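Please take a moment to look over the sequence and the model shown here before reading on.

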Amino acid sequence: MGNVGNVNEAVLPTGRVVGIIKRNWRPFCGMLFLSQIKEATRHLFTPADRRIPRIRIETRQAATLAGQRIMVAVDGWPKHSRYPNGHFVRSLGSAGDKETETEVLLLEHDVPHQDFSQAVLSFLPKMPWNITEEDMAVREDLRNLTVCSVDPPGCTDIDDALHCRDLPNGNQEVGVHIADVSHFIRPGNAMDLEAANRGTTVYLTGRRIDMVPELLSSNLCSLRSSVERLAFSCIWEINDKAEIVKTRFTKSVINSKASLTYAEAQMRIDDANMNDDTTKSLRGLNRLAKILKKRRIEKGALTLSSPEVRFHIDSETHDPIDLQTKELKETNSMVEEFMLLANISVAQKIYDEFSECALLRKHPAPPPSNYDILNKAAKSKDMVIHTDSAKALADSLDAAQVDGFPYFNTLLRILATRCMMQAVYFCSGMDSDFHHYGLASPIYTHFTSPIRRYSDIIVHRLLAVAIGADSTYPDLMDKHKQSALCNNLNYRHKMAQYAQRASVAYHTQLFFKSRGILNEEGFILFVRKNAIIVLIPKFGLEGTVFFENKDKPSPKLIFNEEVPSLTVEGHSFNMFDKVKVTISLDASNVQHQKIRMSLVEPNVIFPGKLTYRMLMGCQ
């Protein structure tokens with residue numbers, strides 16, 4: 001390593017690549033950039049991923065491929081060549097076509113999305129499927145209980161259902177009933193291997209890429225109302241203070257009495273005229289959930305925020321016709337509380353039984369430097385955020401209020417979310433730090449969504465062995481194999497998250513394409529040396545406003561890193577300032593379309609009385 005400059009300058013570490021151990025080449029999606037030479041066969045391919053250099057390919061069908069999204073593989077990179085060489089693999093369809101763009105999105109994020117093979121489908125149960133006497137003999141019959149599910153509208157893969165009833169001793173019995181997916185997917189068969197590879201269901205806007213075949217995800221495993229279903233139940237006896245008196249786990253058979261949306265469940269709870277068994281059960285659950293949440297927050301659990309949007313899709317064109325941020329109801333929180341409680345109860349049980357091979361989930365505490373931006377943001381409003389523990393952070397965020405600016409607290413929580421580390425799966429025998437920082441829990445796992453997460457299937461298998469409801473198998477008890485599986489699950493979850501964000505970004509572009517130009521208010525989230533990053537709450541949309549434009553003279557910029565603030569031609573921009581922007585779609589580059597915004601308020605005036613129009617690229 002070397003360094004340059006005198007000792008007073010910032011020393012930058014430098015290095016040189018001396019060898020490549022393994023190349024991470026994969027087929028890339030992108031578009032062909034045609035050669036200007038007539039009848040040329042050598043052309044440059046521009047990948048969709050801007051980090052990848054252009055690739056030189058030879059093809060005689062360039063004219064046909066122009067305007068198409070194509071896949072290209074790299075063959076090699078000659079030592080003195082500016083570009084690597086590659087070859088055409090296949091065409092994906094016309095650029096801009098919704099099916100094509102979704103395909104690109106899935107391929108670029110390495111999301112397995114091919115149809116399930118015959119080998120996988122051969123392990124599905126034969127239809128018509130019914131619960132047998134043999135099933136009933138080894139399960140608890142809970143069909144008489146008033147069980148119901150509460151989910152987002154249009155949900156067909158219903159993983160979880162709940163019940164709550166009064167006990168003779170004055171306590172309440174609460175049950176979380178989870179689809180018994182591990183009954184249908186047996187260890188080591190083709191369906192199990194496929195689910196393990198996919199790792200998770202991926203939810204794009206208007207499309208779902210299932211982890212398991214639809215017969216299971218939307219039918220036999222889905223805990224729909226008025227049908228008998230196999231479940232794995234976690235049942236507690238809970239007293240009036242929402243303290244757990246007793247916990248038990250059992251394989252069961254349930255018959256859900258209602259499949260409700262969050263809004264429908266909320267309406268039942270609020271309607272004093274409704275007093276049926278399902279509504280009473282929901283009210284009992286809601287009352288206990290509020291106490292559980294209060295206690296969790298007192299322990300230091302974080303309530304963070306990220307702007308989530310919901311598209312209203314046209315049923316014929318499948319284009320977005322409306323875009324709004326998601327509104328969370330009390331019932332969202334009610335379901336979440338009992339899912340968290342079930343996950344914690346199961347985590348403790350499987351760790352007690354299998355200390356070396358329990359599949360758990362942890363959330364590391366962020367290093368102090370991660371909080372720099374949050375501390376500066378709070379300081380700009382004369383506030384102090386304490387970050388020495390999750391509890392201190394949670395209390396500080398609760399206290400951070402600005403009179404006449406109710407959205408300030410949400411903006412601060414959005415910033416706090418950006419400071420966090422990624423939560424990850426791990427094997428208990430390969431790690432010593434189990435703590436979940438965000439939930440302020442010493443131990444945690446995922447048990448409640450086995451239709452859409454493979455981690456939960458493994459947790460179900462561990463729990464089933466722990467209670468004597470199923471037999472074990474070698475890989476389940478092998479901590480090295482469990483650890484390798486966790487690595488894949490972490491990778492798939494991360495890529496699914498990125499794919500979902502990219503899908504939202506693409507549909508946001510479609511939305512603005514059909515809307516023309518809109519004026520909206522936003523807030524400055526970050527300040528950079530030559531730019532501000534703005535959030536538009538109405539659309540959950542975020543982008544960077546650059547103040548330097550290569551086609552125009554640069555305005556006078558003064559950046560103060562400590563505050564942080566940016567002064568442009570005498571006008572100061574600070575974090576959380578309100579701005580007004582014009583939003584439109586820039587479709588000049590087919591492959592990299594962008595949401596562009598120009599500032600409406602405040603006006604920044606150049607010397608010579610010219611208004612400086614700022615361009616904002618949506619990230």
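Is F576 buried or exposed? F576 is buried, because its relative accessible area is 2%, where buried means under 20% relative accessible area, exposed means over 50%, and partly exposed lies in between, computed with a 1.4 Å probe on protein chains only. This is a predicted model, in which local features need pLDDT of at least 70 and side-chain atom pairs count only at pLDDT 80 or more, while totals for chains, interfaces and linings use all residues. Residues are numbered from 1 along each chain as its sequence is written, and side-chain values use heavy atoms, with hydrogens and water left out.

F576 sits in the loop between strand 24 (571–574) and strand 25 (578–586); helices (H or I, at least four residues) and strands (E, at least two) are DSSP runs, numbered from the N terminus. The phi of F576 is near 75°, a positive value in a residue other than glycine. Most residues other than glycine have a negative phi, and most peptide bonds are trans. S226 also has a positive phi, near 65°, and this serine is found in the loop between helix 7 (214–220) and strand 12 (228–238). S226, however, is exposed, because its relative accessible area is 58%. As for the peptide bonds, the one from M127 to P128 is cis, with omega near -5°, and P128 belongs to the loop between helix 3 (118–121) and helix 4 (133–137).

Turning to the helices, helix 2 (residues 98–108) is mostly covered, with eight of its 11 residues buried. These buried residues are T100, E101, T102, E103, V104, L105, L106 and E108, and they pack against strand 1 (28–33), strand 4 (68–76), strand 5 (85–94), strand 10 (202–204), strand 11 and helix 15, contact here meaning heavy atoms within 4.5 Å. At the start of helix 2, a side-chain oxygen of D97 comes to within 3.2 Å of the backbone nitrogen of E99. Such a polar contact is a pair of N or O atoms within 3.5 Å; within protein, one must be able to donate a hydrogen and the other to accept it, and residues adjacent in sequence count only if both atoms are side-chain atoms. Just after helix 2, D110 takes a positive phi of about 55°.

Another serine to consider is S281, which lies in helix 9 (residues 277–299). S281 is buried, because its relative accessible area is 1%. The side chain of S281 reaches the backbone nitrogen of C164 at 3.1 Å, and, leaving aside neighbours within four places in sequence, S281 is in contact with T146, H163 and C164.

Finally, some care is needed over confidence. The mean pLDDT of the protein chain is 88, and 92% of its residues reach 70 or more, pLDDT being the predictor's confidence in each residue, from 0 to 100. Among the elements, helix 14 (residues 454–466) has the highest mean pLDDT (98) and strand 27 (residues 615–618) the lowest (42). Over residues 607–619 the pLDDT is below 50, and beyond near neighbours in sequence this stretch has 49 contacts in the model.
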